[in-house]
Amino acid sequence: MQPVTYRGRFAPSPNGPLHFGSLVAATASYLDARAHQGEWWIRIDDIDPPRVVPGATDAILRTLEGFGFQWHGVVFQSQRHALYQAAFEQLDVYPCYCSRREVFTRDPSGSYHGFCRMHSPLRRHKPPAWRLRLPYAADQFHDLIQGLQQCNCHHAPGEFVLKRADGVWGYHLACAVDEIEMGITHVIRGADLLYASFAQRQVIHGLKRPPPAYGHHPLVLNREGIKLSKRARAQPIDPKQASRQLWHALDVLGQQPPAELKSAPMQTLWQWAIQHYHRAAIPPVQARTYDFGTA
Ligand SMILES: [Zn+2]
């Protein structure tokens, strides 16, 4: 793709309908792109076939359309194996024969600290997973929303899997390769992916490419303090209530939309939101409790 000064993306997983948490993520990346005259792309994270729900991709795109989002194009991870393979061959990887149980016994967080790299693998009769030898340990970057972020990457995320034993590409490999191959300049997404950004920066560094800028917006928690997710059975969003739900998404993102816009036509709300978008108004916190059901 041609280089541009701003290209953003939203990368939903096709494993169910979009919920309010997904709407906040889509809105944050879309507004940031539109307010900077940038492009906004959709990438369908359908790399793990058993997790793909038939029809979910169409439903997601129809819902986004119903909410007035406009995108430059749609990319499917399932069609990008050749790119992932080419990147994998350039990276410093090693085989790992550990079971999930062994990994979690050594570190309850599941972070991997190079066991099979340091102990020459006991050649077990099964295909290995492939892990990345981290190019560097200490990392830091300036998050566009949360400010300075630092990590000791050996501690976490650790040496993560790039290719699973069953041949499926690891999330960090696919995501990192997509950012650079799509020419993504800005990744705006939820704060639950902060550590994913550290992992993906390692992959991008290993490929000797410049990383995009990252910004992590607060996650939405329900009244019980649980993150809205498909697993927690968050309510699907409904284009019939687009204005009201979009208004709440803007409110979560600290944009202070005027109350009278809650019932305005969706296009009016978008126009206001793009014109008044203020990145610095997004609360620099990892999560926010928000009760939009009764608000
Ligand atoms: Zn291992």
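**Exercise 1.** How many bridges join S9 to S10, and do the two strands run parallel or antiparallel?

*Solution.* The model is predicted, so local features require pLDDT of at least 70 and side-chain atom pairs count only at pLDDT 80 or more, whereas totals for chains, interfaces and linings use all residues. Residues are numbered from 1 along each chain as its sequence is written. Strands (E, at least two residues) and helices (H or I, at least four) are DSSP runs numbered from the N terminus, and two strands pair if DSSP finds at least two bridges between them. Five bridges join S9 to S10, and the two strands run parallel. Within this pairing, isoleucine 188 has glycine 215 of S10 as its bridge partner. The chain passes from S9 through H7 to S10 in a right-handed β-α-β crossover, a term meaning that, with the strands pointing away from the viewer, the path from the first strand over the helix to the second runs clockwise.

**Exercise 2.** Determine whether strand S9 is enclosed or open.

*Solution.* A residue is buried if 20 or more other C-beta atoms, placed from the backbone, lie within 10 Å of its own. Five of the five residues of S9 (residues 186-190) are buried, so this strand is largely enclosed by the rest of the structure.

**Exercise 3.** Describe which elements form the side of domain 1 that touches domain 2.

*Solution.* By an automatic or database assignment, domain 1 covers 7-77 + 175-289 and domain 2 covers 83-171. With contact defined as C-beta atoms, placed from the backbone, within 7 Å, 24 residues of domain 1 are in contact with 26 residues of domain 2. Helix H6 (171-182), helix H7 (194-206) and strand S10 (213-217) each give two or more residues to this side of domain 1, and H7 supplies the largest share, nine residues.

How values were computed. Two residues are in contact if their C-beta atoms, placed from the backbone, lie within 7 Å. A residue is buried if 20 or more other C-beta atoms lie within 10 Å of its own, exposed if 12 or fewer, and partly exposed in between; C-beta atoms are placed from the backbone.
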